[in-house]
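Dear colleague,

Please find the structure below. I would be grateful if you would read the notes that follow it alongside the coordinates.

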Amino acid sequence: MSCENCGGSMAGDGYSVVLHCEYTDPDGMEADAGPIYCED
């Protein structure tokens, strides 16, 4: 899966770590929050 803004890899599994673009910092986000995409 890739980021819809930049095409980077999406990390996390959506259960223990929120699904997020490799260029974002998911610290402090709930693991079951929606995907976090970077600001292009």
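The notes below begin with the chain as a whole and then turn to individual residues.

The model is predicted, so local features need pLDDT of at least 70 and side-chain atom pairs count only at pLDDT 80 or more, whereas totals for chains, interfaces and linings use all residues. Residues are numbered from 1 along each chain as its sequence is written, and side-chain values use heavy atoms, with hydrogens and water left out.

Overall picture

The chain has zero helices and two strands; both are DSSP runs numbered from the N terminus, helices being H or I with at least four residues and strands being E with at least two. Along the principal axes, the C-alpha atoms fill a box of roughly 25 × 15 × 15 Å. Of the 40 residues in the chain, 30% are buried, where buried means under 20% relative accessible area, exposed means over 50%, and partly exposed lies in between (1.4 Å probe, protein chains only). The chain exposes about 2,800 Å², and carbon and sulfur atoms supply 44% of that area; accessible areas come from the Shrake-Rupley method with a 1.4 Å probe, and for residues only the protein chains shown count as cover. Among contacts (heavy atoms within 4.5 Å) with a separation of 6 or more, residues 24 or more positions apart account for 19%.

The core and its cysteines

The largest nonpolar core consists of five residues, namely C3, M10, L19, C21 and C38. Such a core is a set of buried Ala, Val, Leu, Ile, Met, Phe, Trp, Tyr and Cys residues joined through side-chain atoms within 4.5 Å. C3 sits in the segment before strand 1 and is buried, because its relative accessible area is 4%. Beyond four places in sequence, C3 is in contact with G8, M10, C21, Y37 and C38. The C-alpha atoms of C3 and Y23, 20 residues apart along the chain, are 9.4 Å from each other. C21, with the same exclusion of residues up to four places away, touches C3, C6, S9, M10, I36, Y37 and C38. C38 is likewise buried, with a relative accessible area of 11%.

How many disulfides does a search of the whole structure find? The search returns zero, a disulfide being a pair of cysteine sulfur atoms within 2.5 Å. For C3, the closest cysteine sulfur is that of C38, and the 3.8 Å between them is too far for a bond. For C38, the closest cysteine sulfur is in C6, at 3.6 Å, which is also too far for a bond.

H20 and V18

H20 belongs to strand 2, residues 20-21, and counts as buried because its relative accessibility is 9%. A polar atom of the H20 side chain lies 2.8 Å from the backbone oxygen of V18. Setting aside residues up to four places away in sequence, H20 touches S9, M10, A11, G12, P26 and I36.

V18 itself is in the loop between strand 1 (10-11) and strand 2. At 2% relative accessibility, V18 is buried. The C-alpha atoms of V18 and G28, 10 residues apart along the chain, are separated by 9.8 Å.

With kind regards

How values were computed:
Polar contact = N/O pair within 3.5 Å; in protein donor to acceptor, adjacent residues only side chain to side chain.
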